[in-house]
Amino acid sequence: MKTTILSVLTSLLIAVPAYAIDMNAEVFVTHKVTLTDGAQKEGTDVERFRIFISNKFDDQWTFKGRFEFKAGTADADATKNTKSVAVIPEAHFVGTSVLMDGDTLKFGIIENGIVTAESAMGTRWISKTLADDEAFAANSSIQSGASYAIKFANFGVNFFSLSGESGDSVDTDDNNKLNGAMLDYQVNESTKVWLQNSILNEGTVGVAAAAAKSTNILSVGVLYRIEDMDLNLNYHQAAYAVEAGIAPKNNTVIGINGVFKKVGGSSTNVYAHYWTGFDKFADTGEATSAKAMIGPTWNLADNKINLGLFYQAETFQDDYKTANPTVKEPSAMYVKMAAKF
């Protein structure tokens, strides 16, 4: 019996490399203490748990998938507690050198290019990207489709056509369409710039009115990396075209985030971000004027674990504070830990 078991296990171990299936995971755990007067709260959550699967068919074709489990998603029944939910933000085929040398074709569930660009510093375990947080990624459900990327020396061009189901539709009735292109340029070893423009049809973004029939989304970013510092500056604007009613002409936001590495020759890094540029409260109902976060981080266990302690503060717009004189501007302390498996 033992011989048979060993034989089977040996066969499986030999066979696995032939399938070239890779699996790994990430986990993000946060402890939050709310400091706002009259709203003190404290708790620990597993914010996200991700499983990555990839399979390399040959030198040209690969499949990639990501399953993400998120905590705190509202239940359809408002009387019940919130619950966790599983989503699939990525599940697509990747082909390289399909039409020409060095090109990349993706087909399936694809993450928006601006989110990938903002995540280039690897700090997404600390906070959502600005595009995600302010809904400039168009909509987390608008991601199924195809993209085609080409490299020309220091230039890169990525064309995409994505779509998302509307309401309870789960077949091919894709009512929301996002079409556009992204251009990036590697200026030198330290600096990369990117620009993405897209048109969202039959959908809304941010604070757009339900009557919006199309939205033009412009995103621009600069990534600067040197030995002691990573900086990312990005700007997003959504301009709406509406059929009827009153709606904001555009929604804008600008943000900068950075990591200062090995401060003072120590093993401590410092992360900071500042986001601002929201529309007027009187026009959009947007309460927050600016968001800021700062704190030290450490790499542990041969860089497999990230640990950070952060302070976050939000500043409301003056019009909002005038309309709500008793409101308190929120602030909080966070302990965040992320690990890769």
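This is a predicted model: local features need pLDDT of at least 70, side-chain atom pairs count only at pLDDT 80 or more; totals for chains, interfaces and linings use all residues.
Entry 1: I began with the whole structure, and the search returned 16 salt bridges. The general idea is that side chains of opposite charge can pair when their charged atoms come close.

**Entry 2: Lys 291 and Asp 133.** I looked up this pair and found a salt bridge with its closest N and O atoms 2.9 Å apart. Lys 291 belongs to strand S14 (residues 288-300) and Asp 133 to helix H3 (residues 130-133), so the bridge ties together parts that are 158 residues apart in sequence. I then asked myself: is Lys 291 buried or exposed? Lys 291 has a relative accessible area of 18%, so I noted it as buried, the cut-off being under 20%. Asp 133 is partly exposed, at 31% relative accessibility.

**Entry 3: Asp 184 and Lys 151.** Here I recorded a salt bridge of 3.3 Å, N to O. The two residues sit in distant parts of the chain, 33 residues apart: Asp 184 is in strand S8 (residues 174-186) and Lys 151 is in strand S6 (residues 144-152). Asp 184 is buried at 13% relative accessibility, while Lys 151 is partly exposed at 47%.

**Entry 4: Arg 225 and Asp 230.** I found the closest N and O atoms of this salt bridge 3.7 Å apart. Arg 225 is partly exposed, with 35% relative accessibility. Asp 230 has a relative accessible area of 4%, so I wrote it down as buried.

Technical notes: Residues are numbered from 1 along each chain as its sequence is written. Side-chain values use heavy atoms; hydrogens and water are left out. A salt bridge is a side-chain nitrogen of Lys or Arg within 4 Å of a carboxyl oxygen of Asp or Glu. Helices (H or I, at least four residues) and strands (E, at least two) are DSSP runs, numbered from the N terminus. Buried means under 20% relative accessible area, exposed over 50%, partly exposed in between (1.4 Å probe, protein chains only).
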